[in-house]
Amino acid sequence: MTNTGTGGATTRYPAHTWRNWAGNVSARPSRVFSPASVEELAEAVRAAAADGLRVKAVGTGHSFTSAAATDGLLIRPELLTGIREIDRKAGTVTVAAGTPLRRLNEALAREGLSLTNMGDIMDQTVAGATSTGTHGTGRDSASTAAQIRALELVTADGSVLTCSPSENPEIFASARVGLGALGIITAVTFAVEPLFLLRAREEPMSFDRVTADFDGLVAENEHFEFYWFPHTGNCNTKRNNRSAGPAAPAGTVSGWIEDELLSNGLFQVACSVGRAVPRVIPSIARISSRALSARTYTDIPYKVFTTPRRVRFVEMEYALPREVAVDALREVKAMIERSPLRVSFPVEVRTAPADDIPLSTASGRETAYIAVHLYRGTPYRSYFTAVERIMTAHGGRPHWGKVHTRDAAYLAGVYPRFEEFTAVRDRLDPERLFGNPYLRRVVGG
Ligand SMILES: Cc1cc2nc3c(=O)[nH]c(=O)nc-3n(C[C@H](O)[C@H](O)[C@H](O)COP(=O)(O)OP(=O)(O)OC[C@H]3O[C@@H](n4cnc5c(N)ncnc54)[C@H](O)[C@@H]3O)c2cc1C
């Protein structure tokens with residue numbers, strides 16, 4: 001480690017290999033830096049530009065794509081964390097960009113506040129999660145990025161820019177799902193609301209019933225999702241709705257059995273066995289899909305929305321127009337049944353309302369998501385390619401942080417506001433300081 005002596009602003013480390021959470025992406029940045037302030041970050045961006053290096057910020061590396069990979073300067077988030085301000089009157093919280101969602105959720109809960117909706121886990125950073133359009137499931141409430149009210153970022157010339165619906169509105173529109181292409185986000189202001197309770201109802205259901213009733217289940221619940229277990233006709237459904245209380249958290253023992261033993265410990269064993277002996281996967285799927293039982297519990301939002309995910313996997317997820325999702329899922333089921341594929345991970349289906357963010361996967365259309373996963377180390381190409389063929393035939397949009405093979409030509413066709421994003425990028429980063437091979441592929445050089 002060397003320090004250039006400018007107030008600690010440019011601590012440098014020898015090149016080392018960076019890897020993402022799933023282990024399917026690695027990179028060797030020539031410089032790694034953890035800024036402790038916005039000024040340090042801006043100075044590091046200017047120094048990298050002067051040295052001819054490209055710049056990329058990374059969160060916690062939970063993307064399965066090479067969105068965060070760079071051979072230039074890698075900005076790490078660890079020291080840019082914490083709550084900057086809570087504005088109760090405006091109903092907002094401003095948080096440093098590297099703050100993990102877990103820390104944000106816990107801090108908000110202590111203040112009697114919460115985000116409205118969130119994804120499955122809370123290990124990601126706020127900037128990393130929003131930059132790829134991370135979402136949960138919702139009938140009326142949308143992705144984490146859709147809950148942003150203002151952003152602060154360091155742009156390619158090393159200046160600090162703030163944007164909101166009233167300040168630099170065209171930048172704000174695009175930067176909420178910015179793919180790391182428009183600048184390094186330093187702070188995010190989210191809408192928050194008074195802490196509320198959610199009642200979760202988990203219930204096994206047959207594939208035929210859940211697909212026949214899908215529209216009704218989505219319409220009747222604030223947050224509906226389900227998992228289908230390939231090689232079986234079994235699904236597990238989850239309905240989360242606001243509750244007047246009282247709180248009734250998942251019992252310590254039953255919660256541990258469902259969340260730790262079945263979803264992590266035993267599942268890990270089942271996945272390892274399945275990877276070694278793929279032909280036993282259908283039998284394991286039948287047993288494990290029947291092991292899950294119905295349960296209800298009532299708790300604060302992040303304890304209901306998120307669960308620990310300790311079994312490492314690789315994932316692809318597509319956003320589809322809501323009305324074609326059931327047909328697409330049936331096609332995936334038929335494809336698996338007639339193929340030699342053995343799939344150990346459930347297929348997850350979630351929804352989102354249309355939003356107004358140019359590169360949000362739910363931009364301008366009511367959306368349903370279909371996500372496929374495979375245990376880390378299992379060859380995933382043939383499964384994902386077959387699923388991707390079905391998704392793209394339905395005008396699907398891939399999650400920016402999950403495995404896919406789409407390029408800018410395809411994506412421009414499924415995002416009506418694609419050029420709005422590239423115009424903002426041309427204006428903010430004409431030299432592509434924040435470019436990398438992933439961005440070249442998905443939004444162009
Ligand atoms: C176990 C697991 C569960 C998941 N669950 C969900 C889920 O429920 N819903 C969902 O939609 N997705 C989910 N994901 C995907 C994940 O939320 C996204 O890939 C997310 O982008 C990861 O956030 P991160 O902090 O790890 O960012 P990284 O993966 O490190 O980076 C993602 C992108 O953000 C950019 N970025 C990071 N920090 C900044 C910054 N400060 N300024 C500008 N750009 C920045 C990076 O350059 C990169 O382009 C899951 C992933 C895993 C591994």
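Because R295 belongs to strand β18 (residues 295–299) and E202 to strand β15 (residues 197–206), the pair ties together parts that are 93 residues apart in sequence. Both R295 and E202 are buried. The model in which this pair is found is a predicted one, and side-chain atom pairs are counted in it only at pLDDT 80 or more.

## A network of charged residues

E315 and K402 also form a salt bridge, in which the closest N and O atoms are 2.8 Å apart. The two residues come from distant parts of the chain, E315 from strand β19 (residues 313–321) and K402 from the loop between β22 (397–398) and α12 (408–414), and they are 87 residues apart. Both E315 and K402 are buried. Through salt bridges that share partners, D120, R309, E315, E317, E348, R350 and K402 are joined into one network. In total, the structure holds 26 salt bridges.

## Strand β16 and its partners

Strand β16 (residues 223–228) has 5 of its 6 residues buried, so the strand is largely enclosed by the rest of the structure. Strand β16 pairs with β17 (residues 234–243) in the antiparallel sense, over 6 bridges, and within this pairing Y227 has N236 of β17 as its bridge partner. The hairpin formed by β16 and β17 has 5 residues between the strands, and in this hairpin H231 takes a positive phi near 75 degrees.

β16 is also joined to strand β20 (residues 347–352), by 3 bridges and again in an antiparallel arrangement; here F226 has V349 of β20 as its bridge partner. In a regular strand the side chains alternate between the two faces of the sheet.

## Helix α2 and its packing

In helix α2 (residues 101–110), the buried residues are L101, L104, N105, A107, L108 and A109. An α-helix has 3.6 residues a turn, so residues three or four places apart point the same way. The elements against which the buried residues of α2 pack include the strands β8 (83–87), β9 (92–96), β10 (113–114) and β13 (184–191), together with the helices α3 (126–131) and α9 (301–305). After α2 comes G112, which has a positive phi near 75 degrees.

## Surroundings of the ligand

Around the ligand there are 35 residues, of which A57, G59, H62, S63 and T132 come nearest. β6 (55–57), α3 and β13 each supply at least two residues of this shell, and the largest share, 4 residues, comes from α3.

A polar backbone atom of G61 is 2.9 Å from an oxygen atom of the ligand, and a backbone N or O atom of G128 lies 2.8 Å from an oxygen atom of the ligand. For H135, a polar backbone atom is 2.8 Å from a nitrogen atom of the ligand. On its own the ligand has 970 Å² of accessible area, and the protein covers 98% of it.

## Two buried loop residues

G158 sits in the loop between β11 (148–154) and β12 (160–163), and with a relative accessible area of 5% G158 is buried. When its neighbours within four places in sequence are left aside, G158 is in contact with A42, V45 and R46. G158 and S283 are 125 residues apart in sequence, and their C-alpha atoms are 57 Å apart in space.

S141 is found in the loop between α3 and β11, and its relative accessibility of 15% means that S141 counts as buried. Leaving aside its neighbours within four places in sequence, S141 is in contact with T116, N117, H223 and P353. One of these contacts, H223, falls within the residue range 223–228 of strand β16.

Note on methods: Residues are numbered from 1 along each chain as its sequence is written. This is a predicted model: local features need pLDDT of at least 70, side-chain atom pairs count only at pLDDT 80 or more; totals for chains, interfaces and linings use all residues. Side-chain values use heavy atoms; hydrogens and water are left out. Buried means under 20% relative accessible area, exposed over 50%, partly exposed in between (1.4 Å probe, protein chains only). Two strands pair if DSSP finds at least two bridges between them. A salt bridge is a side-chain nitrogen of Lys or Arg within 4 Å of a carboxyl oxygen of Asp or Glu. Contact means heavy atoms within 4.5 Å. A residue is near a molecule or strand if one of its heavy atoms lies within 4 Å of it. A polar contact is a pair of N or O atoms within 3.5 Å; within protein, one must be able to donate a hydrogen and the other to accept it, and residues adjacent in sequence count only if both atoms are side-chain atoms. Accessible areas come from the Shrake-Rupley method with a 1.4 Å probe; for residues, only the protein chains shown count as cover.
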